[in-house]
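Work through the exercises below with the sequence and the structure at hand. Try each task before reading its solution.

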Amino acid sequence: MIEYILIVLAPVFGGVLYGFERVVRARMQNRQGPPVLQPFYDMYKLIDKNSSIVHPMHIVLAILHFITLWAVVALMILGYNFLYVIFLHLLATIFIILAGFSVRSVYSHVGSNRELLAMLAYEPIFILIATGFYMINGSYDISLIRQEDTQILSMILLFAAFLLTVPLKLKKSPFDACEAHQEIVGGVEIEYSGIYFEFLYMAKWIEYVFVYMILLLFAGNNILLGVFLAIAVFLIVNLVDNSTSRVNIVQTIKIIMGIGLTLSCLNILGLSYV
Amino acid sequence: MELLIFLPLLLALIVPVSGIKIRNLIVISFVVLLSLFSISTFLDDRLYSLTLSHDIHTFLCVADIVLLVYFLAQGIKYRSKLVYALAFVQLILYLGIIYLAPSMHGIDLLSDELSRVMYLVINVVGGAIIIYALEYIEAENFSRLKKNSFIALLLFFLGVMNAIVSTNNIEIFFLLFELTTLCSYLLIRYRGDDIAVKNSLKALWMNQVGGVAILLALVFSISTYNTVYFSELLKVVDDSFLIPIIFLVIAAYVKGAAFPFQNWLLGAMVAPTPVSAILHSATMVKIAPFIVLKLSTAFSPSLSVMVSIFASFVFVGASIMALNRDFFKEILGLSTIALLSLMMALASLPSEEARYTAILLLVFHAISKALLFLQAGILEKVYHLKYISDIDNLVDHAPRTVFFIIIGFASLTLPPFGAFIGKFLGIEAITQAISQNPLYIFTLLGLIVGSVFLVILYFKIITKLLTKEPFKNILKEKLAFKYKLGSNILFISLFIGIFLVSALNVVEVLIPVILIFISPFLLKYFSFKSAPRVKEYNCGEKGDFEVGVYNYALSSNVIQKMMYISIFMIVLHLAIGGGILK
């Protein structure tokens, strides 16, 4: 029962997390920042806006993106196969990429292209993380991974590789080339307005939940460690976001693939000798 | 089993002389019959075996010599040194084998589980393509006899393929292997222009390298193990001397167009599209994973590592090479090479699960690729589009074709489709293998990275298809019946395949199925009428927007190095198999 409540509330958690992050980031910059519930105020305001569309397919694909992401998080909460979850997440990403390509807009296309290339960087690492869990627990099932003792020490390199992908997935500097507000005005988001933009906005929140849920998997059944990891990663990511400048998409791929893949492979090799 | 072999051959004899209406009727009804036969054979699990009489053996020997002499003559006629040299070498080797080979008696034809799966692929997918070809070939400018013989040749090809997957005798296997080479040679040069002839000769000599490899395998098999039968060879073969097995694997590399033999398959693009469709999906290239699947039980651990690393190397290499191609069929071709290597990589692993995933990939790749090639043909014939860069606003007037292309690509990479499940289980199988031998990590890495490259490749193409003009409604697309029939059969089999493969649980299957298949209906019934339509905002920038795609080209230097590496690795195979390296 509790799982289903969590599934329904998942976007809300994401929204709060997103709002909280804006506060933390503002404080790091010595600003006051918006209230924690600002994302929800934004949502309320968006309903009133004029919702014009370019063509129906564009909208449908965004809605599908949102629904799929929600399903991804739902399957994670219910403890399904981790590897499958990663591929379903890929499907969600593909939906938004297709949406971006379906309009004749330069920014939208550039955004989609970068999103596609970013996949090259994080997808292999995610799969290798799943492989790592499989080698330790003998199963991809999330419910099983959550019951076992934490193995973060024997997966420390995979964890480091995962940390590298967090800014990319959450669109944080230095790996925020996919969205890059000052440069390509949000990329894929640009052609959405009003109530239809809300789907993308909420999808972004769910992406937060997705990333932090993967993080929690590293903690296994140790809830205290999980909380600690989440807070630590949250602070580190925001600190890095505040203190670095954006690198372009090619550099992003080179950095993440070069370092991340090497670390992951070393870890898997290590695991195979145990 | 005999029916599956002889029915297409018989049909191939009737077709050239009949009129167009009768031809279509006969071919469609027989193709349906063949598909039904293959399904019933598939469901029937009895082992079926057959021994051919001495006379038939003699006849097959004569046929083989005639065939090799024909290749020799073609080589001399077109002054292609490689062709006649290789034909000559084969002739000598073959005569030597006939002289050497003891008169053995054993099971010549055998239909095991693997061949029943292959029947299904060959007849259902191949059949759909032939139905499509009936329409396609009418749009060409050739005489009636030539058009009919095209269809006949395709049917003949199906018959040969059905035979090759049931043969247990390596000598007969060699003959059939050469017959597929002959079919592809004739089909590639079908248009008869300069480039077609040039590419067909290339295909001929490269495939003959495979023939030489098989003959060498035979020589070693006879001299060391005194057998010409697959089943016996697999039983008696010893880890310290795997040379016959390895030569057969090399023949597989040739047919599968693995590096450095990729050019024959890419050159085959000059042929009419149904030819590419049938070469890439149901026939010819599928011999490659078939051979590896057949032989992998006899692989030594080191050979298994070697084959899987080499194949995953080709997988990644071919996926990257496809990123800068513009010719649609060529992109499909390189992705075929990539995926075939993936199948071989999985097939060579020492576990049952891995073999199963290789078979899954083989089946679903055939369906998806055939679907894609049929759409490529429609693009070419109906919309006059061959290159990705020429495509624009296609979704406005060809939604059906675009939908099928997207499904075709999606089915190779995304859940819930069969090929996805193949890769999905493949990752698990390789992970298990890593705990036995850490070297398999290269296979895993190859699978993951190559797959992501393929996703990028596929969705880069979809970019061009999906870009839509604002303020225009999508029109309904009108296509000839036989075009639709072929694609529909394949689409439906993809869809049925989702439910037949029971690797995922119900929820996992249903979520993506609903998401993917609901979207066209959402579009149809939700037209968002109340929302005002606007032109793209595009930050207020004016001016025409031309849709482009990015390219990523490897320099020719790198490609050359890749070829050297692959040749080196193939040589290494022999060193390992010969027992030099342990």
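**Exercise 1.** Which side chain meets that of A:Asp241 in a salt bridge?

Solution. The model is a predicted one.
Step 1: The partner is A:Arg25, with an N to O distance of 3.0 Å.
Step 2: Classify each residue, with under 20% relative accessible area as the cut-off for buried. A:Asp241 has 13% and is therefore buried. A:Arg25 has 22% relative accessibility and so counts as partly exposed.

**Exercise 2.** Find which residues are joined with B:Glu138 into one network by salt bridges that share partners.

Solution. 
Step 1: Start with B:Arg23, whose side chain meets that of B:Glu138 in a salt bridge at 3.0 Å, N to O. B:Glu138 sits in the loop between H5 and H6 of chain B, while B:Arg23 sits in helix H2, and the two are 115 residues apart.
Step 2: Take the second partner. B:Glu138 also forms a salt bridge with B:Arg144, where the closest N and O atoms are 3.0 Å apart.
Step 3: Compare accessibility. B:Arg23 is buried because its relative accessible area is 0%. B:Glu138, at 25%, is partly exposed, and B:Arg144, at 33%, counts as partly exposed too.
Step 4: Write out the network: B:Arg23, B:Glu138, B:Arg144 and B:Lys147. Over all chains, the count of salt bridges comes to twelve.

**Exercise 3.** Describe helix H2 of chain B: how far does this helix reach, and which helices do its buried residues pack against?

Solution. 
Step 1: The helix covers residues 20-43, which is 24 residues. From first C-alpha to last, H2(B) reaches 34 Å, close to the 34 Å expected at 1.5 Å a residue.
Step 2: List buried residues. Among them are B:Arg23, B:Ile26, B:Val27, B:Val31, B:Leu34 and B:Ser38.
Step 3: Recall a general rule. An α-helix has 3.6 residues a turn, so residues three or four places apart point the same way.
Step 4: Name the neighbours. The buried residues of H2(B) pack against helices H1 (2-14), H5 (113-136), H6 (144-164) and H21 (481-500) of chain B.

**Exercise 4.** Characterise the interface of chain B and chain A: how many residues of each chain are in contact?

Solution. 
Step 1: 59 residues of chain B are in contact with 60 residues of chain A.
Step 2: The area buried between the chains is about 5,600 Å², and carbon and sulfur atoms give 78% of this area.
Step 3: Check for charged and polar pairs.
Step 4: On the side of chain B that touches chain A, the elements that give two or more residues are helices H19 (418-436), H20 (441-466) and H22 (506-525). H20(B) supplies the largest share, 14 residues.
Step 5: By class, this side of chain B has 40 nonpolar, ten polar and nine charged residues.

**Exercise 5.** Is A:Ser272 buried or exposed, and which residues does A:Ser272 touch?

Solution. 
Step 1: A:Ser272 lies in helix H11 (residues 249-273) of chain A. Its relative accessibility is 9%, so A:Ser272 counts as buried.
Step 2: A polar atom of the A:Ser272 side chain lies 2.7 Å from the backbone oxygen of A:Leu269.
Step 3: Leaving out residues up to four places away in sequence, A:Ser272 touches A:Met135, B:Ile434, B:Ser435 and B:Pro438.

Technical notes. Residues numbered from 1 in each chain as written. Chains lettered and ligands numbered in written order. Predicted model: local features only at pLDDT ≥ 70, side-chain atom pairs only at ≥ 80, totals over all residues. Heavy atoms only, no water. Helix = DSSP H or I, 4+ residues; strand = E, 2+ residues; numbered from the N terminus. Expected span 1.5 Å × (residues − 1). Buried < 20%, exposed > 50% of the residue type's maximum accessible area, 1.4 Å probe, protein only. Contact = heavy atoms within 4.5 Å. Buried area = accessible area lost by both parts, 1.4 Å probe. Nonpolar A, V, L, I, M, F, W, Y, C, P; charged D, E, K, R; others polar. Polar contact = N/O pair within 3.5 Å; in protein donor to acceptor, adjacent residues only side chain to side chain. Salt bridge = Lys/Arg side-chain N within 4 Å of Asp/Glu carboxyl O.
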